[in-house]
Amino acid sequence: MQTRVLGTDKEGHGAAAAIWRAGGLVAFPTETVYGLGADARSDLAVARIFEAKGRPRFNPLIVHVADAAAARALVAWSDAAERLASAFWPGPLTLVLPLREGAGISGLVTAGLGTLAVRVPAHPVARGALSAFGGPVAAPSANPSGRISPTTAAHVLAGLEGRIEAVIDGGPCAVGVESSIVGLGGAPVLLRPGGVPAEALEAALGGPLARHEAGGALTAPGQLVSHYAPGARVRLGAARAEPGEVMLGFGPVAGDLTLSAAGDLREAAANLFHHLHALDAMGAAGIAVAPIPEVGLGRAINDRLRRAAAPRQAP
Ligand code: TXA
Ligand code: MG
């Protein structure tokens, strides 16, 4: 299969929608990372996402819709959902809510859970393509399972060229880490730190968020421990590179590439996956990473880095 590169204009949105209608796969930019989209109502189309990524079938997908009204048609809404959605949608937030009966979503999307993850992305190209399609689009990050997430169309092509119908090239993603995921089945719980800092979520909720317990049941399976993994070994909290390593800097610790010399966490998040891809391509045996503060977007950055550094699982 030849993977087409689509433009970000109306024609590109229309071409993406036509491929989705025909059961195909289109990668598209969101403000967080590139997603690999398919019609969320089609078992065959969704099955192709799992095949193209080599993703385990027990790991459910996020459904992307054009607006909150479309989300409310798919899940049982709540006051907490309304608060978070009105504060952060469109944007880098995913809500996990009870799936509505008859919502028409493929069982492969939810991996048989009774809940559905929904998100309204802010990126104008994502919104344009979703509006042109007019239905729910299931989309994990557009990378081979377990590898570094893509923040450019070139990253997508490097991992998936020939396995998907098309990618819309919308340039680099502004946020650079995936959406925050909040579970709202019971008391609100942060299932994955991401593009909206936990502190901001708690302020909007007017109360604390429980944190997902590591080692508990697999409720947010991005929680597979090894994830976002480059080919090189990753060493965290490093003051300098050892022989054989390249260095990813932050703040006062300069590197071969630096996430943010000014110590700005927003800039660091936007650069994270791009720099990991670039350092990995240098072919060093290891990547040493400067310490990143565990506040705000730093939590999402450190979460991804810890998974990148974790021992690899047997395939
Ligand atoms: O920013 C993002 O969220 C990007 C863009 C493309 O939207 N998407 C993304 O998808 O990061 P993915 O598949 O790489 O991560 C989705 C996470 C996984 O950890 C998955 O297990 C979790 O969402 N998830 C999906 N449905 C769930 C559910 N019903 N309950 C709990 N976790 C769920
Ligand atoms: Mg992913």
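Analyst: Start with the buried area. In this predicted model, domain 1 and domain 2 bury about 1,400 Å² between them. Carbon and sulfur atoms carry 61% of that area. On the domain 1 side, the most area is lost to domain 2 by I148, V177 and P193. Together these three make up 36% of what that side buries.

Now the bounds. Domain 1 covers 4-211 and domain 2 covers 233-309. Their centres, taken over C-alpha atoms, are 26 Å apart. In terms of contacts, 23 residues of domain 1 meet 15 residues of domain 2.

Next, the polar side of the interface. The rule finds 6 residue pairs in polar contact across it, both residues at pLDDT 80 or more. The side of domain 1 that touches domain 2 has 10 nonpolar, 8 polar and 5 charged residues. The rule also finds 2 salt bridges across the interface. As for salt bridges by residue, E178 forms one with R304. The closest N and O atoms of that pair are 2.8 Å apart.

Strand 13 (residues 245-249) and strand 15 (residues 286-289) run parallel and are joined by 4 bridges. In strand 15, G286 is the bridge partner of E245.

Definitions and conventions: Residues numbered from 1 in each chain as written. Chains lettered and ligands numbered in written order. Predicted model: local features only at pLDDT ≥ 70, side-chain atom pairs only at ≥ 80, totals over all residues. Heavy atoms only, no water. Domains from an automatic or database assignment. Contact = heavy atoms within 4.5 Å. Buried area = accessible area lost by both parts, 1.4 Å probe. Salt bridge = Lys/Arg side-chain N within 4 Å of Asp/Glu carboxyl O. Polar contact = N/O pair within 3.5 Å; in protein donor to acceptor, adjacent residues only side chain to side chain. Nonpolar A, V, L, I, M, F, W, Y, C, P; charged D, E, K, R; others polar. Pairing = 2+ DSSP bridges. Helix = DSSP H or I, 4+ residues; strand = E, 2+ residues; numbered from the N terminus.
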